[in-house]
Amino acid sequence: MFKISSSWGDDPITDTVDKNTEKVETLTEDSPLQESTEEKQDISTDPKDLTLWQKQKRQLKNKRRCKNKFKKDGDIVAAIKKVAVDSRENLSEIVQPVKVAINVKKEDGTKKVEESGIVAEMAPEKDSLAEKLVNKLLGSRFRYINEQLYSCSSNDAKKLFENDPESFNVYHQGFLSQVKKWPVKPLDEIIQWVKSKPPKLVVADFGCGEAFLAQHVKNKVHSFDLVALNNRVTVCDISHVPLSDESVDVVVFCLSLMGTNCQEFVIEANRVLKEKGILKIAEVASRYKSTKMFVNDMKSLGFSLKKKDLTNTFFYMFEFVKSKALSAKVDKQYKGLQLSACLYKKR
């Protein structure tokens, strides 16, 4: 045990310090213990005041050791929120030094931290953090597959999914997550259009996905895609569908003119459509280099424009009528049908 003696007025002050608990600090000119004589005279020599003065000295020491202890509530909340974003472990590190007693309450599926008016969001559960990481990886893989589909032929895309069947599920789930964000869903408009037509009309859905069109209309619908997500879908390359010549009344391309050979899709649609049959096309607006060139080249492939809707800034809708059958093989590559790739931005 050490004893430090000092005199202040007529009364001696003895401050006992435990060697095992506190380190004796050397008094310097900058030390808070060496106050000026004028400042000491302002404080009463009453024993009660002396005790208070000692407490003030200890508080100065504690302030240097743990600055967070003297922060305002708003600063504590900000610190907790910042760390809660990273992980639950870091949150506990913040909570312990400031000695905040945590009460967990469920409010609308979230968790809150409350103590003496302090409210901050809890860090997400580990499972939630893991899910976010998985979703981020799946999103990256979706963008990669999407780029591949726009930069290869339909035959190569078919082989891609045959070698890795799970990749189609990843792509489809990523596509559905994007659809939820769209202000307008072109497939809904096509479904309403088909419902307005006689139910006896036979429809061919090229690039059907989950065959939503077939599920929502009374018409007979042939649904084609590279992978079958259910028993309504026929697996095939949509440049060669298993249908007879002039066997359907309506052909639908809803966001399915993908790949480097989409001109072949249009030629195949001409083959299976009856005379005066209808071709419905819905595509992302930014993919068209020139809608005028697109319409002119469609005419060269046997389709006359009946109606178009370019009012939507996201998607363009076209309705063509089969004006003639293509008797000979088409070797020319029409620039109007070389649509730009639709790539999703990295988040």
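Two strands are counted as a pair if DSSP finds at least two bridges between them. In this predicted model, strand β11 (residues 303-309) and strand β12 (residues 315-322) run antiparallel and are joined by six bridges. Phe 303, for example, has Lys 322 in β12 as its bridge partner, and a hairpin of five residues leads from β11 to β12.

| Salt bridge | Distance, N to O |
|---|---|
| Glu 246 and Lys 322 | 3.7 Å |
| Lys 280 and Glu 319 | 3.4 Å |
| Glu 319 and Lys 306 | 3.6 Å |

Consider the salt bridge between Glu 246 and Lys 322. Because Glu 246 lies in the loop between β8 (233-235) and β9 (248-254) while Lys 322 lies in strand β12, this pair ties together parts that are 76 residues apart in sequence. Glu 246 is partly exposed, at 42% relative accessibility, whereas Lys 322 is buried, with a relative accessible area of 3%.

Glu 319 meets the side chain of Lys 280 in a salt bridge; Lys 280 lies in strand β10 (residues 273-284) and Glu 319 in strand β12, so the pair ties together parts that are 39 residues apart in sequence. Lys 280 is buried at 8% relative accessibility, and Glu 319 is buried at 6%.

Glu 319 also forms a salt bridge with Lys 306, and this pair links strand β12 to strand β11 across 13 residues. Lys 306 is exposed, with a relative accessible area of 54%.

Conventions:
Residues are numbered from 1 along each chain as its sequence is written. This is a predicted model: local features need pLDDT of at least 70, side-chain atom pairs count only at pLDDT 80 or more; totals for chains, interfaces and linings use all residues. Side-chain values use heavy atoms; hydrogens and water are left out. Helices (H or I, at least four residues) and strands (E, at least two) are DSSP runs, numbered from the N terminus. A salt bridge is a side-chain nitrogen of Lys or Arg within 4 Å of a carboxyl oxygen of Asp or Glu. Buried means under 20% relative accessible area, exposed over 50%, partly exposed in between (1.4 Å probe, protein chains only).
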